[in-house]
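Hi there,

Here is the structure I promised to pass on to you. Have a look at it first, and then read on for what turned up in it.

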Amino acid sequence: MGKIIAIANQKGGVGKTTTAINLTSCLAEVGKKILLVDIDPQGNATSGVGVDKNQLENTSYELFIGNCTLEDCIVESQVSNLWVLPSNVNLSGAEIDLIGVDDREYILKNEIDSIRDEYDFIIIDCPPSLNILTVNAMTTADSVLVPIQCEYYALEGLSQLIHTINLVQERLNPELDIEGVVFTMYDARTNLSLEVVENVKANLRQTVYKTIIPRNIRLAEAPSYGLPINLYDSKSIGAESYRLLAQEVIYNEMGKEFDVNSFDLSQFDKKKPQKKKGLLKRKKK
Ligand SMILES: Nc1ncnc2c1ncn2[C@@H]1O[C@H](COP(=O)(O)OP(=O)(O)O)[C@@H](O)[C@H]1O
Ligand SMILES: [Mg+2]
């Protein structure tokens with residue numbers, strides 16, 4: 001059965017979408033079959049894997065309001081093994097549309113449950129808010145992965161997020177786990193990044209991922225080409241770190257201890273990243 005991970009943090013700009021794009025692409029690269037679910041109206045995860053968010057007939061919005069089926073809205077991405085349930089600005093109206101709808105916390109879960117066996121991992125990119133969309137993601141997911149940016153205010157808002165996760169556990173999804181926190185935009189040249197990591201580790205009881213994502217300009221450039229980092233610059237430190245994170249996620253899933261230092265990255269050098277040829281194929285109506 002596929003594992004469902006929601007990437008959540010109500011703070012914007014902490015690396016949720018960057019992690020969603022590149023973690024899914026690196027999981028797909030090692031042969032896992034992946035569905036990336038975009039429920040952020042910004043649609044940056046959608047465009048980040050090469051899907052034109054403005055040319056979509058059906059998106060997660062239509063799914064939420066019951067105007068389409070999963071089959072209608074899931075599309076192929078530019079990456080082999082990676083499919084997308086896309087999103088665009090339409091979704092910003094969902095909060096209002098869903099007022100008064102019965103079981104509105106379970107809409108996504110009811111849909112995704114029917115296809116979870118078809119994928120090895122389903123990764124949900126959440127909006128920067130603890131709204132009904134994020135609650136839907138947490139109700140659907142097996143676990144929540146929390147990106148934390150290595151900056152001074154890293155811990156701000158984290159207790160609110162953990163409180164929300166606890167409420168969802170109590171009331172909507174008793175199976176929900178905290179997958180762990182992953183540090184992003186680590187800058188080895190500053191003491192601040194190191195202090196943030198130490199501080200969070202000392203103050204947080206949650207699992208902390210051994211893989212730390214460094215600040216890497218290539219990670220910021222890749223989305224404008226509609227490519228994940230492993231296709232945009234396969235040898236960059238950003239690509240290597242997201243490959244490590246993908247391996248760590250796989251190890252966690254298998255219950256195996258992950259040693260970030262002994263992991264052999266050279267295996268990736270032999271592998272040619274798989275980019276699809278030609279234009280994106282979309283389902284014909
Ligand atoms: N490791 C990184 N190195 C450099 N830039 C990054 C990194 N992670 C994210 N960014 C950039 O920071 C900004 C916010 O990241 P994003 O993933 O969109 O955050 P969120 O989804 O949490 O709002 C984006 O411009 C992104 O390209
Ligand atoms: Mg985002």
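Val208 is in contact with Gly180, Val181 and Lys201, leaving aside its neighbours within four places in sequence; contact means that the two C-beta atoms, placed from the backbone, lie within 7 Å. You will find Val208 in the loop between helix 9 (191-203) and helix 10. Helices (H or I, at least four residues) and strands (E, at least two) are DSSP runs, numbered from the N terminus. With 17 C-beta neighbours inside 10 Å, Val208 counts as partly exposed. The cut-offs behind that word are these: a residue is buried if 20 or more other C-beta atoms, again placed from the backbone, lie within 10 Å of its own, exposed if 12 or fewer, and partly exposed in between. Val208 also lies 9.5 Å from Val146, C-alpha to C-alpha, although 62 residues separate the two in sequence.

Before going further, please keep in mind that this is a predicted model, in which local features need pLDDT of at least 70 and side-chain atom pairs count only at pLDDT 80 or more, while totals for chains, interfaces and linings use all residues. Residues are numbered from 1 along each chain as its sequence is written, and chains are lettered from A and ligands numbered from 1 in the order in which they are written.

Strand 1 pairs with strand 5 in the parallel sense over 5 bridges, with Ile5 partnered by Ile123 and Ala6 by Ile124. Strand 2 and strand 5 are also parallel, over 5 bridges, and here Asp38 stands opposite Asp125. All 5 of the 5 residues of strand 5 are buried, so this strand is largely enclosed by the rest of the structure. Phe121, Ile123 and Asp125 lie on one side of strand 5, and Ile122 and Ile124 on the other.

Strand 1 (residues 3-7) also pairs with strand 6 (residues 143-149), in the parallel sense over 3 bridges. Ile5 has Ser143 as its bridge partner there, Ala6 stands opposite Val144, and Ile7 is partnered by Leu145. Strand 1 is mostly covered, with 4 of its 5 residues buried. Strand 6 has 7 of its 7 residues buried, so it is largely enclosed by the rest of the structure. On its other pairing, 7 bridges join strand 6 to strand 7 and the two run parallel; Gln149 has Thr184 as its bridge partner in strand 7.

Back to helix 1 (residues 16-29). Its 14 residues reach 20 Å from first C-alpha to last, close to the 20 Å expected at 1.5 Å a residue, where the expected span is 1.5 Å times one less than the number of residues. Is helix 1 enclosed by the rest of the structure or left open? 14 of its 14 residues are buried, so helix 1 is largely enclosed. After the helix comes Gly31, with a positive phi near 95°.

Last, the ligand. 16 residues surround ligand 1, and the closest are Gly15, Lys16, Thr17, Thr18 and Ala220; a residue counts here if its C-beta atom, placed from the backbone, lies within 6 Å. Helix 1 and helix 10 (217-221) are the elements that give two or more residues to this shell, and the largest share, 3 residues, comes from helix 1.

Definitions and conventions. Two strands pair if DSSP finds at least two bridges between them.
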